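Hi everyone, thanks for coming.

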Amino acid sequence: MQLRDCIDERLMHILKNTTKKEALLELIALLNETGEIPDAEILQEKVFYRETLMSTGIGLGIAIPHVRMEGIHRPIMAMGISKTGIRDYESLDDKVIWIIVLIVAGKNQHREYIQLLSKIVSKLKSGKTIERLLKAKTPAEISSILLEDDND
């Protein structure tokens, strides 16, 4: 699986909201608008339940909420870039969150799910990539940055 298989420009987004809850709802709404998910309410329940178990703010200004649910035929990724930062995310390193990557995969897509998670984390490990994403002004720019060097 290549990262380009999961990049959809319609799901790349400059976040308007500045709280964890509202930013996550923004990304869920984006997924719902594209018709990529069977039930936005179930996704919302799963995402917020996952956050009660442990924050998905992994550090370095990045959060990767991730869930698996019925009715998903291929892993889907929505990315939100916050220009002001999300201060209430409760990241593991107690830092402000700038980038949220919401990953949704089917119940039986464990391998694909792990591959996508690994690829996006590898891409976001680069401070230069993060810096460029934070400067992006459009979904097309975000997509382009993520797709650079996606050769493997």
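**Salt bridges in the model**

Let's begin with a group of four: Asp8, Arg10, Glu36 and Arg74 are joined in a network of salt bridges. Please keep in mind that this is a predicted model. As a bit of background, side chains of opposite charge can pair when their charged atoms come close.

Asp8 counts as buried because its relative accessibility is 15%, and the cut-off for buried is under 20%. Arg10, at 46%, counts as partly exposed.

Another one of them pairs Lys20 with Glu51, at 2.8 Å from N to O. Lys20 sits in helix α1 (residues 20-34) and Glu51 in helix α2 (residues 40-53), so this pair ties together parts that are 31 residues apart in sequence. Are these two partners buried or exposed? Lys20 is buried, at 12% relative accessible area, and Glu51 is buried too, at 9%.

Now on to Glu148 and Arg132, which form a salt bridge with their closest N and O atoms 2.7 Å apart. Here Glu148 belongs to the segment after α5 (139-147), while Arg132 is in helix α4 (residues 127-135), 16 residues away. Glu148 is partly exposed at 30%, and Arg132 is partly exposed at 31%.

Methods: Residues are numbered from 1 along each chain as its sequence is written. This is a predicted model: local features need pLDDT of at least 70, side-chain atom pairs count only at pLDDT 80 or more; totals for chains, interfaces and linings use all residues. Side-chain values use heavy atoms; hydrogens and water are left out. Buried means under 20% relative accessible area, exposed over 50%, partly exposed in between (1.4 Å probe, protein chains only). A salt bridge is a side-chain nitrogen of Lys or Arg within 4 Å of a carboxyl oxygen of Asp or Glu. Helices (H or I, at least four residues) and strands (E, at least two) are DSSP runs, numbered from the N terminus.
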